[in-house]
Amino acid sequence: MKPSLPELIVWGGTGNFKVLCELLRADYCILGYFDNNTNIAPEYRGVPCLGNREAFLAWAESNFTAETRGFFTAETQRRGESSGEKKEEKTLRLRASAVKKNVSAVQNPLHFIVSIGPGYGQVRRDVHAELLQHGLLPITAIHRTAFVADNAGVGEGSQIYANATVCVDVQIGRNCIVNTRASIDHECVLEDGATVGPGAVLAGLVHVGENADIYTGAVILPRVRIGAGAVVGAGAVVLKDVPAGAVVVGNPARVLRLRSE
Ligand SMILES: CC(C)(COP(=O)(O)OP(=O)(O)OC[C@H]1O[C@@H](n2cnc3c(N)ncnc32)[C@H](O)[C@@H]1OP(=O)(O)O)[C@@H](O)C(=O)NCCC(=O)NCCS
C-alpha cells in the first residue's frame with residue numbers, strides 16, 4: 001500500500017504560493033492555504049483557501065488536542081528555565097524541539113511553510129514563529145531540480161526554487177527564499193528572512209543581512225556585504241557594500257533612497 005503523504009498547510013496564497021505549490025505537491029498533501037488578503041483566490045490547483053488569521057485560529061483550535069498543546073507549553077517552560085540563551089531564540093528553539101520530540105505522540109503531525117514573497121522577510125519570520133507556537137512542524141522546501149551542496153546549510157522554513165544553485169560552504173538562515181535559477185556561490189551567508197530573486201547571482205563570500213531583498217537578475221561581486229533590510233534592484237551590479245536599509249539600483253549600483261522613504 002502506498003504510504004500517505006505528510007499533511008501540510010501553507011500561509012500565503014499569492015504568486016509565491018503558486019511556485020511553492022508546484023514544488024510541494026510531490027511530497028506533501030497540501031490541505032489548504034491561509035491568507036489575510038481579502039482578494040485571494042478561493043482555490044488554486046485544487047488546494048482550497050482556508051481563510052484569514054481568524055479562520056486559522058479556529059482551524060488550529062479544532063485540529064490540535066489540548067493534550068498536545070499542554071505538552072508544548074510545559075516542555076518549553078521546563079527547559080527554558082535552565083540556560084542563559086537569548087530569551088526569544090531559546091523559546092523558539094525549544095518550541096521547535098518540543099514539536100519534534102512529540103511527533104510520535106501526534107497521530108497526524110501537520111507541517112507548515114510560510115509563503116510570503118520578496119519584500120516581507122520579517123513578516124515571513126513573524127508568521128513562522130506564530131505557527132510554531134501552535135504546534136505545527138516547520139519544513140524546508142527544496143525543489144528537486146535545485147543543486148544544494150552537501151555541506152551547505154539551509155535553515156528551517158527556507159525555500160530553494162527550481163534550478164537554483166547553492167554552492168559549497170553556503171549558510172542560508174531561516175525563512176529565506178532563493179528564487180528560480182538564482183545562484184549562490186561558495187561561502188555566502190544569507191541571514192534570516194533574506195530573499196534572492198530569480199536569476200540573481202551572488203559570487204563567493206557575499207554576506208546578505210537579515211530581511212534584505214536582492215531582486216531579479218542582480219549580480220553581487222565577491223565579498224560584498226548587503227546590509228540588513230537593504231534592497232538591490234533588478235539587474236543591479238553591486239561592486240561595494242550596501243548600507244542597511246538602502247535601496248540600490250543600476251550598474252554600478254548606487255543608492256536610490258532608503259527603504260523606509
Ligand atoms: C529597486 C526597486 C524596488 C525600486 O522601486 P521604486 O522605489 O518604486 O522605484 P521607482 O519605480 O519609483 O523608480 C525610481 C527611479 O529609479 C529607477 N529604477 C527603478 N528600478 C530600477 C532598476 N531596477 N534599475 C535601474 N533603475 C531603476 C527608475 O527608472 C526611476 O528613475 P528616474 O527617477 O530617473 O525616473 C524596483 O524598481 C525593482 O527593481 N524591483 C524589482 C522587482 C522584482 O524583481 N520582483 C521580482 C521578485 S521575485
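**Exercise 1. How many bridges join β3 to strand β4, and do the two run parallel or antiparallel?**

Before you start: this is a predicted model, where local features need pLDDT of at least 70 and side-chain atom pairs count only at pLDDT 80 or more, while totals for chains, interfaces and linings use all residues. Residues are numbered from 1 along each chain as its sequence is written.

*Solution.* 
- Step 1: Helices (H or I, at least four residues) and strands (E, at least two) are DSSP runs, numbered from the N terminus. Two strands pair if DSSP finds at least two bridges between them.
- Step 2: look at β3 and at β4 (residues 47-51); two bridges join them, and they run antiparallel.
- Step 3: pick out a bridge. E43 has P48 in β4 as its bridge partner.

**Exercise 2. Work out the strand order of the open six-stranded sheet, and say which strands stand at its edges.**

*Solution.* 
- Step 1: read across the sheet. The order is β3-β4-β2-β1-β5-β6, and the pairing is mixed.
- Step 2: check the ends. β3 (43-44) and β6 (137-138) each have a single partner strand, so one side of each has no neighbour in the sheet.
- Step 3: carry on to β6. Two bridges join β5 to β6, again in parallel, and the bridge partner of F112 in β6 is P138.

**Exercise 3. Find out which strands helix α5 lies across, and at what angle it runs to β5.**

*Solution.* 
- Step 1: find α5 at residues 121-133; this helix lies across β1 (7-11), β5 (110-114) and β6. A contact here means C-beta atoms, placed from the backbone, within 7 Å.
- Step 2: read the angle, which is about 165° to β5. Axes are lines fitted to C-alpha atoms, for helices over the stretch in contact, and angles run from 0 to 180 degrees between N-to-C directions.
- Step 3: see how covered β5 is. Four of its five residues are buried, where buried means 20 or more other C-beta atoms within 10 Å (exposed is 12 or fewer, partly exposed is in between).

**Exercise 4. List the buried residues of α1 and say how they are arranged around the helix.**

*Solution.* 
- Step 1: the buried ones are N16, F17, V19, L20, L23 and L24.
- Step 2: look down the axis of α1. These residues fall within an arc of 160°, so they line one face of the helix. The arc is that of the directions from the helix axis to the C-beta atoms.
- Step 3: ask what covers them. The cover includes β1, β2 (29-34), β3 and β5, along with β7 (141-142) and β10 (159-160).

**Exercise 5. Describe the largest nonpolar core and say where it lies.**

*Solution.* 
- Step 1: a nonpolar core is a set of buried Ala, Val, Leu, Ile, Met, Phe, Trp, Tyr and Cys residues joined through C-beta atoms within 7 Å. The largest one has 65 residues, and V178, I214, V232 and V238 have the most contacts inside it.
- Step 2: helix α1 (residues 15-24) gives the most to this core, namely five residues.
- Step 3: domain 1 (7-138) and domain 2 (141-241) both give residues to this core, so it lies between them.

**Exercise 6. Find the cis peptide bond that ends at P252 and place P252 in the chain.**

*Solution.* 
- Step 1: the bond from N251 to P252 is cis, with omega near -5°.
- Step 2: P252 sits in the loop between β24 (246-249) and β25 (254-258).

Technical notes:
Two residues are in contact if their C-beta atoms, placed from the backbone, lie within 7 Å. Domain bounds come from an automatic or database domain assignment.
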